[in-house]
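Thanks for coming, everyone. I have one structure to walk through, and I'll keep it quick. Have a look at it first.

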Amino acid sequence: MKLTSVLKPSEVQRDWVLIDAEGKTFGRILTDVAAILRGKHKPSFTPNVDCGDYVVIINAEKAKFSGVKLQEKEYFTHSGYFGSTKSKKLDDMLENHTEKLYKLAVRGMLPKTTLGRAMLKKLKVYAGAEHPHTAQINKGA
């Protein structure tokens, strides 16, 4: 009789994945990142355990966008008070708050629970090619 194996949090093996966003489409990068953070690429995937890997995205400013999204897409924030709705264009977010833009987009693809928040903490985004995680990434190679 074959039984389904269930992974325990103490048995999780985490790797570091480096993704270069230069010349790649923004949404395509993020769907791959969400699957890696969730752990769906592993044969030992367990939905109720954070079994995903760490993800480092470099050259985040150089991702491609299709159509006129850079000029027309807006992100809205609201504090809860009357008249406090604020909006920012996508090109402003990409230029000034690159890490926040990527985390906001990936957050929508992860579970809306404490498990999803723990997964999002394993995402590291850098606008340029330099990052401080070379020791972790080289260790696995």
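Start with Y54. This is a predicted model, so keep that in mind throughout. Is Y54 buried, partly exposed or exposed? Its relative accessibility is 26%, and that makes Y54 partly exposed. Buried would need a value under 20%. W16 comes out as partly exposed too, with a relative accessible area of 22%.

Why take these two together? Look at the rings. A search of the whole structure turns up three aromatic pairs. In one of them, the ring centres of W16 and Y54 are 4.4 Å apart and the planes meet at 10°, so this pair is stacked. The partners come from distant parts of the chain.

Next, F26 and F65. A word on how to read these numbers. An aromatic pair is described by two things, the distance of the centres and the angle of the planes. For F26 and F65, the centres are 4.9 Å apart and the planes are at 35°, and the pair is tilted. F26 sits in helix α1, while F65 is in the loop between β2 and α2 (69–72), so the pair ties together parts that are 39 residues apart in sequence. F26 is at 9% relative accessibility, so it counts as buried. F65 is buried as well, at 18%. F26, F65 and Y102 make up one aromatic cluster.

One more ring before we move on. K73 lies over the face of Y75, and the distance to the ring centre is 5.2 Å.

Back to α1, the helix that carries F26. It has 13 residues. From first C-alpha to last, α1 reaches 19 Å, close to the expected 18 Å. Which residues of α1 are buried? They are F26, I29, L30, V33, A34, I36, L37 and R38. Here is the general point to hold against that list. An α-helix has 3.6 residues a turn, so residues three or four places apart point the same way. And what covers the buried residues of α1? The cover includes β1, β2, α4 (98–107), α5 (114–120) and β5 (123–125). After α1 comes G39, with a positive phi near 95°.

That brings us to K42, in the loop between α1 (26–38) and β2 (54–58). Is this lysine buried or exposed? K42 is buried, because its relative accessible area is 15% and the cut-off is under 20%. Where does the side chain go? It reaches the backbone oxygen of Q13 at 2.6 Å. The side chain of K42 also makes a polar contact with the side chain of D53, at 2.8 Å. Setting aside neighbours within four places in sequence, K42 is in contact with Q13, R14, C51, G52 and D53.

Last stop, S84. You'll find it in the loop between β3 (74–77) and β4 (86–89). S84 has a relative accessible area of 16%, so it is buried. A polar atom of the S84 side chain lies 2.8 Å from the backbone oxygen of Y81. Leaving out neighbours within four places in sequence, S84 is in contact with T77, H78 and S79.

That's the tour. Over to you.

How values were computed: Residues are numbered from 1 along each chain as its sequence is written. This is a predicted model: local features need pLDDT of at least 70, side-chain atom pairs count only at pLDDT 80 or more; totals for chains, interfaces and linings use all residues. Side-chain values use heavy atoms; hydrogens and water are left out. Helices (H or I, at least four residues) and strands (E, at least two) are DSSP runs, numbered from the N terminus. Buried means under 20% relative accessible area, exposed over 50%, partly exposed in between (1.4 Å probe, protein chains only). A polar contact is a pair of N or O atoms within 3.5 Å; within protein, one must be able to donate a hydrogen and the other to accept it, and residues adjacent in sequence count only if both atoms are side-chain atoms. Contact means heavy atoms within 4.5 Å. Rings of Phe, Tyr and Trp (its six-membered ring) pair if their centres lie within 6.5 Å; planes under 30 degrees apart count as stacked, over 60 as edge-to-face and the rest as tilted. A charge sits over a ring if NZ of Lys or CZ of Arg is within 6 Å of the ring centre and within 35 degrees of the ring normal. The expected span of a helix is 1.5 Å times one less than its number of residues.
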